[in-house]
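Q: Could you walk me through this one before I set anything up? I'd like the overall picture and then the charged pairs.

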Amino acid sequence: MRVQPGSPHPLGATWDGRGVNVAVFSGVAERVELCLFESPGDTTETERIALASSTGGVWHGYFPDLRPGQLYGLRAAGPYRPAEGPRCNPHKLLFDPYAKAVGRDVRHDDSLFGYGLGSADEDLTMNLADSAGSAPLAAVVDTAFSWGNDVPPRRAPADTVIYELHVKGFTKRHPGVPAPLRGTYAGLASPAAVEHLLDLGITAVELLPVQYRVSERFLVEQGLTNYWGYNTLGFFAPDPRLAAATDPQGVVREFKTMVATLHEAGIAVLLDVAYDHTAEGSELGPTLAFRGLDNAAYYHLADEHRYTHDDQGIGNALDVGHPRTLQLITDSLRYWVSEMHVDGFRFDLAPARARAFAKYDQLPAAFELLQQDPVLAGVHLVAGPWEDGEAGPAAGSVPGKWWEWNGRFRDTVRRFWAGAPQQSGDLAGRLSGSPDLYGDDDRRPSTSINVVTAHDGFTLADLVSYERKRNEANMRDNADGTDADDSWNCGVEGPTTDPAVTALRRRQVRNMLLTLILSPGVPLLQAGDELEHTQLGNNHAYCQDNELTWLDWTADDERRSLFDFTRRLLRLRADEPVFRRRRHLSPGRPLPGGDVTGVSWLHPAGREMRQEDWTTPVQSLGVLLVGQEVGERDERGRPVIGNSYLELLNAADERVDFVLPAELTALGIDVVLHTAGTDTGSQRGTGVVDLPPHSAAVLQIRPPEAD
């Protein structure tokens with residue numbers, strides 16, 4: 001095999017049309033070798049070639065005879081001194097951290113560990129067993145792709161609706177998707193899948209992790225899998241388990257075709273990414289890639305360098321304070337934007353990503369690095385939910401243009417509709433766009449990604465059916481998953497045939513969807529909530545790759561009704577600017593057409609809420625949103641003008657006769673939505689709206705007649 005010096009840039013195995021340049025970082029290795037394989041079934045390499053050139057810790061070589069499709073791995077020889085940090089073991093085949101495609105998935109066995117399992121000295125020993133037959137393989141690919149006229153959807157944040165989905169779970173049981181494509185990137189791009197998203201009113205999909213992940217050995221041995229995918233090994237490679245294609249090049253093309261198809265439909269593609277840790281786990285985990293190349297550079301080690309730092313309970317933490325690790329992350333993000341055309345990222349455990357900056361007052365630096373990047377500056381950057389208290393920063397710590405999952409919105413909405421007392425004051429803050437969290441530095445309500453349910457926790461159907469988690473199928477003695485979901489089972493735990501309980505649960509689902517979709521900010525819906533998807537009380541189904549997590553597309557009358565209700569909400573939001581405010585709401589007057597605009601809070605007695613009302617157990621609230629001349633301009637500078645609406649929310653156990661102010665009844669009102677299913681018959685007389693227990697209504701205020 002001919003080899004030339006090559007270049008230290010770019011990192012990875014890069015096809016340039018004539019040959020392949022290979023560049024690998026290791027600041028501690030004394031020798032790095034490229035290992036070539038002919039097929040995924042090979043148990044040893046057919047050829048091993050040393051990368052003889054080294055520049056600034058990058059080992060490199062150019063191979064004029066290599067072509068796309070070549071399977072390969074790496075070996076690194078050097079110091080093995082676990083107590084001091086380095087863990088180079090030339091007997092371990094390593095996955096290229098910059099691999100663009102996966103040639104073979106991992107096959108768990110003892111050979112993957114750098115130390116002798118069962119040894120009294122544990123990881124201080126060296127395991128001489130060769131892992132070539134079990135380690136994952138990378139593949140060289142040609143990244144060329146005919147994108148045609150692909151244009152990323154450009155939509156104002158206030159006009160965005162995000163739909164969180166799992167690529168496999170969304171289409172695995174969809175009857176309209178061709179059977180060979182179900183559960184794959186191609187399935188998500190199928191006409192039936194795209195039609196559902198468009199019919200519902202979705203403008204962006206947020207995909208649970210699609211970067212190459214490895215299932216933990218203990219899960220595999222129990223017949224389970226890391227279904228969600230938050231256990232990444234390849235930050236550049238699309239996960240082949242989610243592809244219909246069986247060859248590495250085909251997997252990459254299939255992913256790109258999916259993105260292009262969604263873009264053509266006007267739907268943006270966001271990726272959920274986990275750059276805080278890798279699949280290698282703690283110091284007792286396998287040696288698959290980073291650990292064998294340069295353990296101390298890639299990982300945040302404890303004061304005793306033998307151990308990985310692990311304050312999240314996930315085994316390790318990437319050291320984003322190291323220049324090469326930070327480069328890996330930013331190079332990966334740029335690749336997914338430039339080569340794969342994705343439109344943004346949601347960072348799981350975002351605070352952990354910045355933890356290597358030691359002090360949280362340095363937190364903005366970690367995120368501004370990405371915000372100022374010329375490639376990443378134009379995409380959506382979303383931070384996962386923050387920690388509270390001494391462990392990390394509070395919500396609202398994200399700088400500049402970042403969006404943030406609003407955990408406070410989730411908790412408050414759940415508690416209010418579950419009937420918890422004295423939630424109306426905090427609910428008012430969430431329904432104003434959370435200015436207490438995001439009102440500084442001219443940030444907009446769209447900073448807030450409003451969520452009620454997501455992948456981690458109960459589904460919406462389960463949130464109103466269970467008060468205790470049912471995670472026994474995860475085989476961890478029901479110890480995993482949160483015990484604080486702020487759920488309410490409506491009086492019966494789990495499934496029931498009681499028609500009164502069933503009706504109440506359906507109202508509760510609609511109540512929370514209404515609150516979510518019509519609040520300022522960017523709403524995020526969990527896939528399947530519009531279809532009554534249940535996980536039978538499992539609130540941490542990360543390892544369930546089966547019908548528990550795959551959406552059931554069986555369409556009965558109630559599911560169709562819930563889908564139609566959700567669609568009506570999303571269309572109302574899209575049609576009416578008052579539900580898509582670009583600035584935080586401030587208290588105004590309960591009179592449309594006045595010179596003070598914003599939001600007014602109404603008491604069920606027909607008056608504005610008083611200061612003392614917020615500290616009472618009141619569980620009913622009116623939210624008046626003034627639409628005429630809202631004082632805002634859209635992205636083209638045009639005045640934003642719309643209708644005024646009144647939202648009536650009743651979380652109490654009793655029926656409420658909500659009295660409307662005389663000024664509103666003089667104008668006239670129309671009930672446009674009612675979660676109790678009484679859209680037009682719910683009004684009694686001209687000035688009272690009948691709100692059954694645990695119900696909500698949306699009323700349109702007729703504009704004043706022109707003089």
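A: What follows covers the overall fold and then the salt bridges of this predicted model.

Q: How many helices and strands are there?
A: The protein has 16 helices and 27 strands, and its C-alpha trace spans about 90 × 55 × 50 Å along the principal axes.

Q: What about the radius of gyration?
A: The radius of gyration is 27 Å, which agrees with the value near 27 Å that a compact globule of 707 residues would have. Buried residues make up 60% of the 707, and, among contacts between residues at least 6 apart in sequence, 71% join residues at least 24 apart.

Q: OK, charges now: how many positive and negative side chains?
A: There are 66 positive and 98 negative side chains, with the centres of the two sets 3 Å apart, and the structure holds 43 salt bridges.

Q: Which residue does Asp123 meet in a salt bridge?
A: Asp123 pairs with Arg87 at 2.6 Å, N to O; both lie in loops, Asp123 between strands 8 and 9 and Arg87 between strands 7 and 8, so the pair ties together parts that are 36 residues apart in sequence.

Q: Is Asp123 buried or exposed?
A: Asp123 counts as buried because its relative accessibility is 1%, under the 20% cut-off, and Arg87 is buried as well, at 4%.

Q: And where do Asp199 and Arg571 lie?
A: Their side chains meet in a salt bridge at 3.5 Å, N to O, with Asp199 in helix 3 and Arg571 in helix 15, so that pair ties together parts 372 residues apart in sequence. Asp199 is partly exposed at 27% relative accessibility, and Arg571 is partly exposed at 46%.

Conventions. Residues numbered from 1 in each chain as written. Predicted model: local features only at pLDDT ≥ 70, side-chain atom pairs only at ≥ 80, totals over all residues. Heavy atoms only, no water. Helix = DSSP H or I, 4+ residues; strand = E, 2+ residues; numbered from the N terminus. Rg over C-alpha atoms; globule rule 2.2 N^0.38 Å. Buried < 20%, exposed > 50% of the residue type's maximum accessible area, 1.4 Å probe, protein only. Contact = heavy atoms within 4.5 Å. Lys, Arg positive; Asp, Glu negative; His and termini not counted. Charge placed at Lys NZ, Arg CZ, Asp CG, Glu CD. Salt bridge = Lys/Arg side-chain N within 4 Å of Asp/Glu carboxyl O.
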